Amino acid sequence: IVSVRASAGRLDLLMAICDDRQLQETLIDRYEAAMKTEGMAVYRASLAPDNPSLKASLAELVTYNTPLQSGENALVTVLGAAGLFGERLNEEKSERGKFFFSLQWTRESLRGFEFPVVLWLSGAVAKGVAQQAQDFWSWRGGVFEFERQEASYGEAIVDAARSGAEERTLGTNGESGEM
């Protein structure tokens, strides 16, 4: 949320890494609600598996949303990268391969988008972006990794009280990272 606020009105690429789709949706709902209360419009875009281009997805979103064309204070969440297929037989280039190539070679053309973008990735896709689209990866404004842990902080306190263990170390619930 802090990073989105800081990049309002300008392009900033924020990478969110999460392999838990339920947690991902919870986090998106949380930061979108916070941004809406601050007067920021929120949009979602999805990568098309046949053409997994961040630029094309953003351009299509802008085309169909006039407020984005006029510089509305907005945030765009991009989904779909986690579902791109890796290598497959009989394919010249995998969906992920096309995505990495697209990121690497279209970075500069993203400058026309004047809003922060939160790109959601799985751990495996994030690793691929860092390795195969190094120029794009180096241009990121922030990386936020989220992982659901077994017990929430409150549950750990209850468990500690029940067991009588006074010196138990309590963990966080993994949802405390601020975007």
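The questions and answers below concern a predicted model of a protein.

Me: How many helices and strands does the protein have?
Reply: From the N terminus on, the elements run α-β-α-β-α-α-β-α-β-α-α-β-α. The secondary structure comes to 8 helices and 5 strands.

Me: What share of the residues of the protein count as buried?
Reply: A residue is buried if its relative accessible area is under 20%. The protein has 179 residues, and the share that count as buried is 42%.

Me: How many residues of strand β3 are buried?
Reply: Strand β3 covers residues 74–79. In a regular strand the side chains alternate between the two faces of the sheet. In β3, Ala 74, Val 76 and Val 78 are buried on one side, and Leu 75, Thr 77 and Leu 79 are buried on the other.

Me: Which residue in β4 does Thr 77 stand opposite?
Reply: β3 pairs with strand β4 (residues 116–121) in the parallel sense, over 3 bridges. Strand β2 (residues 41–46) also runs parallel to β3, and 6 bridges join these two. Thr 77 in β3 has Arg 44 opposite. In β4, the residue opposite Thr 77 is Val 118.

Me: Within what arc do the buried residues of α3 fall?
Reply: Helix α3 spans residues 54–63, and its buried residues are Leu 54, Ser 57, Leu 58, Leu 61 and Val 62. They line one face of the helix, because the view down the axis of α3 places them within an arc of 130 degrees.

Me: Which residue caps the N-terminal end of α3?
Reply: The cap involves a side-chain oxygen that lies 3.4 Å from the backbone nitrogen of Lys 55. A polar contact needs N or O atoms within 3.5 Å. The residue that supplies the oxygen and caps α3 is Ser 53.

Me: Which elements do the buried residues of α6 pack against?
Reply: In helix α6 (residues 123–132), Val 125, Ala 126, Gly 128 and Val 129 are buried. Down the axis of α6 they fall within an arc of 160 degrees, so they line one face of the helix. These buried residues pack against β1 (12–17), α5 (95–106), β4 and α7 (134–138).

Me: What part of the accessible surface belongs to carbon and sulfur atoms?
Reply: The accessible surface of the protein comes to about 10000 Å². The part that belongs to carbon and sulfur atoms is 47%.

Key:
Residues are numbered from 1 along each chain as its sequence is written. This is a predicted model: local features need pLDDT of at least 70, side-chain atom pairs count only at pLDDT 80 or more; totals for chains, interfaces and linings use all residues. Side-chain values use heavy atoms; hydrogens and water are left out. Buried means under 20% relative accessible area, exposed over 50%, partly exposed in between (1.4 Å probe, protein chains only). Helices (H or I, at least four residues) and strands (E, at least two) are DSSP runs, numbered from the N terminus. Two strands pair if DSSP finds at least two bridges between them. The arc is that of the directions from the helix axis to the C-beta atoms. Contact means heavy atoms within 4.5 Å. Accessible areas come from the Shrake-Rupley method with a 1.4 Å probe; for residues, only the protein chains shown count as cover. A polar contact is a pair of N or O atoms within 3.5 Å; within protein, one must be able to donate a hydrogen and the other to accept it, and residues adjacent in sequence count only if both atoms are side-chain atoms.
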